[in-house]
Amino acid sequence: MKEYIFKNARVIDPLRNIDTRGDIGVADGRIAEPAALKNPQIIDLDGKTLTPGFIDLHVHLRQPGNNMAETIASGTAAAAAGGFTSVVAMPNTNPPADTAGAIEFLRQTAAQKGVVHVLPCGCMTKGYAGEEMAGIGSLKAAGVVALSDDGRCIQDHALMRHVVEYAKSFGLPILDHCEDKALAAGGVMHEGKWSVLLGMNGISGAAEELMVARNIILARNIGWKIHMQHVSVKESVELLRNARAKGIPVTGEATPHHLTLTDECIKKYDTNYKMNPPLRSEEDRLALIAGVADGTITAIATDHAPHTSTAKLVEFDDAPFGIIGLETALPLTYTELVAKGVVTLPELVAKFTAGPAEILGFENYSLAPGRVADLTIFDPDAHYVIDKKKFKSNSRNTPFDGWNVQCRVVMTVVGGRIVYDAR
Amino acid sequence: MEWKRKDLLSLYDLTAEEIVFLLDTAEEFKKVSERKVKKVPALRGKTVVNFFVEPSTRTRVSFELAEQRLSADIVNMQAAVSSLRKGETLLDTVRNIEALQVDLVVMRHSAPGAQAFIAKHLSCGVVNAGDGAHSHPTQALLDIFTIREKKGCVKGLNVAIVGDILHSRVARSNIWGLLKLGANVTLAGPATLVPREFEEIGVRVCHNLREAIADADVVNLLRIQHERQAAGFFPSTGEYAKFFGINRETLKWMKPDALIMHPGPINRDVELTSEVADGPNSVILEQVTNGLAVRMAVLFLVAGCVKK
């Protein structure tokens, strides 16, 4: 395998608390001391930032079932373009990833077509129907890194309790889409001033808050990790903050869109603002930002949810939930959080690296010599305009087309191979 | 002023001046229906498609008559016989309609924003005949037309809207129209049907009927649908009538010259008793008459802005 030395980078390695100018060597797909390399290709990064590879805890690759919207090939290419070296593939495909066979298909396809690491996630329940526990032990044996019924939420608290207990015995973290079904029923946007003015059915913040509280109780009683996916309301942030202060093993992620947009955007009926959880109020958005800043929320995840333009070009009520996010996550969060002085660049990098790695239970996710050479390289000084036509994703459902942003991904390295290069 | 919109989507979009201009134009058209020959050639040679993706009787009939009295050519389409049933998207359906060189599409749809969505993609004019719980601009215009006609002005009047505000496009349109023209708006009904978020745009929210109607110059009663009872918004229409219905007794709480309005169809003995519906304060049937004039004005003005 080719050897590289990435020279003159600003090296940020959150886990080891490193933020320094330096060189990183790569040999045999792993990080190596530059001095030890025999015949390296020198890549001068000229002050660009190099970090451990970004992990996205929340990606819908749509294959099998909706290859028109995304495939493992196109989704992982989009991930690479966004600086992600690992993506956790949500299991709500068609058919769902609720059996070892489905995980085997995902792993084989990813090995053949994938550009970045695809980390399989298995369903908690069969068909993610929330009724019967899936074969969690077999899923673990097949290689899942976590469990989730994403898109849906187990409503039966006794079943959820059993799933968490059972998952604990196999060491699998739970990633939960927190939503009380009855309170959210029929909703297409956040319940608040704008749903009331637009006459749309709302999804109340309480629908999320209730299930976050339920999960905190279960995590405390069982002593096992429950991660709250796409946290969107202020009250969920407060619950998480208090629970974490008490040492309860709960974590949360925020999406770039919940950090940058609010429900008011929906007044033009653009279905690229329709997602679940919905865009919330400005108060919620600010609370989420505060949660990211104070460490209550330790991961930024995209909830990359591709849909064809046909599927989205319909009445708002009828449009599917979700937007793509892999190729816009870093510039959006850099522009919103770092450029505005809310968090430092190393803090932001941690939300994409050490934070998600810890949630998945990965040890020593860093740039230490000997680690797999998964690297993300970007230019924080680059300003550009987001152009969805240039996306690698099969889909274009983004509300961020035309946005002026700062911080561009320059290069993505997966297992010592350069998989994306925008120099 | 000069009318410049090819679409009428919601009163939220309009200025006070535009609303007044529409009402003034409607006054002229009201005279047409009072003539022996109830027809003018204003839209001769224009084609209007009435596309109702949600069932409607009174609004559709009112629009049809308005179009006929303006001498337009009319095609009526309903969802049951449209391609939506065969899986064609709404946008494809309306693009096909437009390809037939249609000038105006009058549409009703159950999804909020459906007309705004298609209007963005069409060069013909789009008139919103109701989009879910969002907007029903011609209904609000005819309500405000009736208020202005009876009371002489709108500014400074106290208007109470009573009933199922949460699910009502009539309420949402009236609120914007009335606020823009300077009326004071009170929304009343049980808290399950009257979201307090409306206070954020400067209307009063009230859960006590007496308080709501005591100083009202106009009381607009909205239809209570039985399916809301099944969905748990209130226990029974009987209990609704008891606490929020207008009857002989509760009528006494109002100013003697207050107007009783209702967009129809009325549920007798639920929102109001027959005595009230058919009594001297009621202008319910005049609303229907005025609806025709208002819709003629809307169609005439909007059609004038469609480029061909």
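Which residues in α12(A) are buried? In α12(A), the buried residues are Ala329(A), Leu330(A), Pro331(A), Leu332(A), Thr333(A), Tyr334(A), Glu336(A), Leu337(A) and Val338(A). Buried here means 20 or more other C-beta atoms within 10 Å of the residue's own; exposed means 12 or fewer, and partly exposed is in between, with C-beta atoms placed from the backbone.

Before going on, the conventions. This is a predicted model, in which local features need pLDDT of at least 70 and side-chain atom pairs count only at pLDDT 80 or more, while totals for chains, interfaces and linings use all residues. Residues are numbered from 1 along each chain as its sequence is written, and chains are lettered from A and ligands numbered from 1 in the order in which they are written. Helices (H or I, at least four residues) and strands (E, at least two) are DSSP runs, numbered from the N terminus.

Back to helix α12 of chain A, residues 329-338. Nine of its 10 residues are buried, so the helix is largely enclosed by the rest of the structure. The cover over those buried residues includes α9 (256-260), α10 (282-293), β15 (299-300), α13 (345-352), β16 and β17 of chain A. Contact, here and below, means C-beta atoms, placed from the backbone, within 7 Å.

Helix α1 of chain A, residues 72-81, also has nine of 10 residues buried, so it too is largely enclosed by the rest of the structure. The buried ones are Ile72(A), Ser74(A), Gly75(A), Thr76(A) and the run Ala77(A), Ala78(A), Ala79(A), Ala80(A) and Ala81(A). Among the elements covering them are β6 (54-59), β7 (84-89), α2 (100-113), β8 (117-122), β17 and β18 of chain A. Just after α1(A), Gly83(A) has a positive phi of about 90°.

Now the domains of chain A. Domain 1 covers 4-48 + 376-421, and domain 2 covers 53-363; the bounds come from an automatic or database domain assignment. Their centres, taken over C-alpha atoms, are 25 Å apart. Across the boundary, 27 residues of domain 1 of chain A are in contact with 45 residues of domain 2 of chain A. On the domain 1 side, β16 (375-385), β17 (404-414) and β18 (417-421) of chain A each supply at least two residues. The largest share, seven residues, comes from β17(A). By class, that side has 15 nonpolar, eight polar and four charged residues. The classes are: Ala, Val, Leu, Ile, Met, Phe, Trp, Tyr, Cys and Pro nonpolar; Asp, Glu, Lys and Arg charged; the others, Gly among them, polar.

What about the start of the chain? Met1(A) lies in the segment before β1 (4-13) of chain A. Met1(A) is exposed, with 12 other C-beta atoms within 10 Å. Leaving aside residues up to four places away in sequence, Met1(A) touches Asp28(A), Gly29(A) and Gly416(A).

Next, the contact between chains. Chain A puts in 13 residues and chain B 19 residues. On the chain A side that touches chain B, seven are nonpolar, two polar and four charged.

In chain B, there is an open sheet of five strands, with parallel pairing and the order β8-β7-β6-β9-β10. Two strands pair if DSSP finds at least two bridges between them. The edge strands of chain B, β8 (204-206) and β10 (259-261), each pair on one side only. From one strand to the next, the twist averages 20°. Helix α5 of chain B, residues 137-151, packs on the sheet, touching β9 and β10 of chain B, and its direction makes about 165° with that of β10(B). For these angles, axes are lines fitted to C-alpha atoms, for helices over the stretch in contact, and angles run from 0 to 180 degrees between N-to-C directions.

Within that sheet, β6 (residues 158-162) and β9 (residues 218-221) of chain B pair in the parallel sense over four bridges. β9(B) is joined to β10(B), also parallel, by three bridges. Val219(B) stands opposite Ala160(B) and opposite Ile260(B) in β10(B). From β9(B), Val218(B) and Asn220(B) point one way and Val219(B) and Leu221(B) the other way; all are buried.

Terms used: Contact = placed C-beta atoms within 7 Å.
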